[in-house]
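Biologist: I would like to learn how to read a new model. Please take me through it one feature at a time.

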Amino acid sequence: MALKKQNKPPQTALLKQILKKCSSFGKKNGYKDNGLPQDVPQGHFAVYVGENRSRYVVPISWLAHPEFQNLLQRAEEEFGFDHEMGITIPCEEEVFRSLTSLMRRT
């Protein structure tokens, strides 16, 4: 019995794709010269969560957390990363806040 090879990019390629998307929003009103929104500090990026698409600014270091990577994989499956709004996380805000509070402790 042969195993099927999945066509998923390696984890590092996925993280590079996410970082590229986060830093390529383009120059618009309210954006810095590097293309990031003015209210996003260096080393952070914005994600949109929940039914109301509430915006959260999170540290890039969270990309290394397995729990956050799971959320990003779900986001890619449901929404993809090729849209104007930025990364949308498909979970309820309360769940996201609970998860991120645990990640802050580690």
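Biologist: Which residues of the largest nonpolar core touch the most other members?

Modeller: A nonpolar core is a set of buried Ala, Val, Leu, Ile, Met, Phe, Trp, Tyr and Cys residues joined through side-chain atoms within 4.5 Å. Buried means under 20% relative accessible area, with a 1.4 Å probe and protein chains only. Here the largest core has 18 residues, and Val47, Val58, Phe68, Ile89 and Phe96 touch the most other members. At least two residues each come from strand 1, strand 2, helix 2, strand 3 and helix 3. Helix 2 gives the largest share, four residues.

Biologist: What kind of model is this, and how are its residues numbered?

Modeller: It is a predicted model, in which local features need pLDDT of at least 70 and side-chain atom pairs count only at pLDDT 80 or more, while totals for chains, interfaces and linings use all residues. Residues are numbered from 1 along each chain as its sequence is written, and side-chain values use heavy atoms, with hydrogens and water left out.

Biologist: What does pLDDT say about the protein?

Modeller: pLDDT is the predictor's confidence in each residue, from 0 to 100. The protein averages 76, and 62% of the residues score at least 70. Over residues 24–29 the pLDDT stays under 50.

Biologist: In what order do the elements run?

Modeller: Helices (H or I, at least four residues) and strands (E, at least two) are DSSP runs, numbered from the N terminus. In this protein the order is α-β-β-α-β-α.

Biologist: How are the strands arranged in the sheet?

Modeller: Strands of a sheet pair through backbone hydrogen bonds, either parallel or antiparallel. Two strands count as paired if DSSP finds at least two bridges between them. This sheet is open, has three strands in the order 2-1-3, and shows mixed pairing. Strand 2 (54–59) and strand 3 (87–89) are the edge strands, each pairing on one side only. Strand 1 (residues 44–49) runs parallel to strand 3, joined by three bridges. Val49 stands opposite Ile89 in strand 3.

Biologist: Which strands does helix 2 touch?

Modeller: Contact means heavy atoms within 4.5 Å. Helix 2 (residues 66–78) packs on the sheet and touches strand 1, strand 2 and strand 3. Helix 3 (residues 93–105) also packs on the sheet, touching strand 1, strand 2 and strand 3.

Biologist: What is Ile89 in contact with?

Modeller: Leaving aside neighbours within four places in sequence, the contacts of Ile89 include Val47, Leu71, Leu72, Ala75 and Phe96.

Technical notes:
Axes fitted to C-alpha atoms, helices over the stretch in contact; angles between N-to-C directions. Buried < 20%, exposed > 50% of the residue type's maximum accessible area, 1.4 Å probe, protein only.
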